[in-house]
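Student: I have a model open on my screen. Can you show me how to read its features?

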Amino acid sequence: MPRRSIWKGSFVDAFLLRMKKKRDPLLNRKIWSRRSSILPEFVDSSVRIYNGKTFVRCKITEGRVGHKFGEFALTRKRRLSRTNIGPGKKRGESQGAYGTKRKSD
């Protein structure tokens, strides 16, 4: 994936820069800009990042500096893989291609 040029610096949305300059506390501020980088000035604050549907609360620590806000607000739900086959099928039966049963020799 292509990265941004080093001489340009990291991208930070304009309203985040205004909040940084005014020294407004970022405590529970809503952020829609998932593409903005996290700066060291945002450390020890909690923000709410929009994931497309709801706002996800995120505590900013030193380890998150340099990453994007969107990395910490997942947009898809985790699906757990089901290990058991469902009712009506036996555990020992294996199926071949296209759902047909194999004959065991």
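Student: Which residues in the largest nonpolar core touch the most other members?

Tutor: This is a predicted model: local features need pLDDT of at least 70, side-chain atom pairs count only at pLDDT 80 or more, and totals for chains, interfaces and linings use all residues. Residues are numbered from 1 along each chain as its sequence is written, and side-chain values use heavy atoms, without hydrogens and water. In soluble globular proteins, nonpolar side chains tend to be buried together. A nonpolar core is a set of buried Ala, Val, Leu, Ile, Met, Phe, Trp, Tyr and Cys residues joined through side-chain atoms within 4.5 Å. Buried means under 20% relative accessible area, exposed over 50%, partly exposed in between (1.4 Å probe, protein chains only). Here the largest core has 13 residues, and Leu16, Phe42, Val47, Ile49, Ile60 and Phe69 touch the most other members. α1 (14-22), β2 and β3 (55-60) each give two or more residues to this core. Helices (H or I, at least four residues) and strands (E, at least two) are DSSP runs, numbered from the N terminus.

Student: Is Ser37 buried or exposed?

Tutor: Ser37 counts as buried because its relative accessible area is 4%. Ser37 sits in the loop between β1 (29-31) and β2 (45-50).

Student: What does Val65 touch, beyond residues up to four places away in sequence?

Tutor: Contact means heavy atoms within 4.5 Å. By that rule, Val65 touches Ile38, Leu39, Pro40 and Val43. Val65 lies in the segment after β3. Val65 is partly exposed, because its relative accessibility is 30%.
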